[in-house]
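Subject: Handover of a structure model

Dear colleague,

Please find below the structure that I am passing on to you. My notes on it come after the model.

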Amino acid sequence: VCDPAMRKMRRPLKGYGSLLNALALGLNRSVRYHHRVQEIDWKKGSVIVRGVAGEGKVPFVYESEKIIVTASVGALRNIRLNPAPHELSDFLEQNE
């Protein structure tokens, strides 16, 4: 829901976290905040995400069929993607 007085901005009233939580309601997974994703390995039917969580930078590994990662463009530049984006279209064609 957007604040009518800020029609041009179109931002969620309670921040983007509230938007993500609303989108996650239908999922059987939780939304994780303050996780720095360092690597995403993807293949058909499986995604593995590696990185560090929180101030203590505790290492994590999550595996799932699908994921949603939100990050700024600057942060995306620091995430290793496998397959790399320039290889992705060829990879998708081979794995259909």
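The notes below go from the overall layout to the sheet, the core, the salt bridges and the surface.

Please note that this is a predicted model. The protein has three helices and four strands, which follow one another from the N terminus in the order α-β-β-β-α-β-α. Of its 96 residues, 19% are buried.

The sheet

The four strands make an open, mixed sheet, ordered E3-E2-E1-E4. Strands E3 (58-64) and E4 (80-82) are its edges; each pairs with a single strand, so one side of each has no neighbour in the sheet. From one strand to the next, the twist averages 15°.

Two pairings of strand E1 deserve a description. E1 and E2 run antiparallel and are joined by eight bridges. The hairpin that these two strands form has two residues between them, and glycine 45 there adopts a positive phi near 85°. With E4, strand E1 (residues 35-43) pairs in the parallel sense, over three bridges. Within E4, leucine 81 is the bridge partner of isoleucine 40.

Aspartate 41 has a place in both pairings: its bridge partner in E2 is isoleucine 48, while in E4 asparagine 82 stands opposite aspartate 41.

The nonpolar core

The largest nonpolar core consists of seven residues: Val37, Ile40, Val47, Val49, Ala53, Phe60 and Ile79. E1 and strand E2 (46-53) are the elements that supply two or more residues to this core, and E2 gives the most, with three residues.

Salt bridges

How many salt bridges does the model contain? The count comes to two.

One of them joins arginine 80 and glutamate 39, with the closest N and O atoms 3.5 Å apart. Because arginine 80 belongs to strand E4 and glutamate 39 to strand E1, this pair ties together parts that lie 41 residues apart in sequence. Arginine 80 is exposed, since its relative accessible area is 52% and the cut-off for exposed is over 50%.

The other is formed by the side chains of arginine 50 and aspartate 41, at 2.6 Å from N to O. Are the two partners buried or exposed? Arginine 50 counts as partly exposed, at 29% relative accessibility. Aspartate 41 is buried, because its relative accessible area of 16% falls under the 20% cut-off.

The surface

Which residues form a nonpolar patch on the surface? They are Tyr16, Leu19 and Leu23, and together they have about 330 Å² of accessible area. Leucine 23 is part of helix H1, which spans residues 16-24. At 60% relative accessibility, leucine 23 is classed as exposed, because the class begins over 50%.

With kind regards

Note on methods: Residues are numbered from 1 along each chain as its sequence is written. This is a predicted model: local features need pLDDT of at least 70, side-chain atom pairs count only at pLDDT 80 or more; totals for chains, interfaces and linings use all residues. Side-chain values use heavy atoms; hydrogens and water are left out. Patches are made of residues with over 30% relative accessible area and no salt bridge: like charges are joined within 9 Å, nonpolar side chains (Val, Leu, Ile, Met, Phe, Trp, Tyr) within 5 Å. Accessible areas come from the Shrake-Rupley method with a 1.4 Å probe; for residues, only the protein chains shown count as cover. A salt bridge is a side-chain nitrogen of Lys or Arg within 4 Å of a carboxyl oxygen of Asp or Glu. Buried means under 20% relative accessible area, exposed over 50%, partly exposed in between (1.4 Å probe, protein chains only). Two strands pair if DSSP finds at least two bridges between them. Axes are lines fitted to C-alpha atoms, for helices over the stretch in contact, and angles run from 0 to 180 degrees between N-to-C directions. A nonpolar core is a set of buried Ala, Val, Leu, Ile, Met, Phe, Trp, Tyr and Cys residues joined through side-chain atoms within 4.5 Å.
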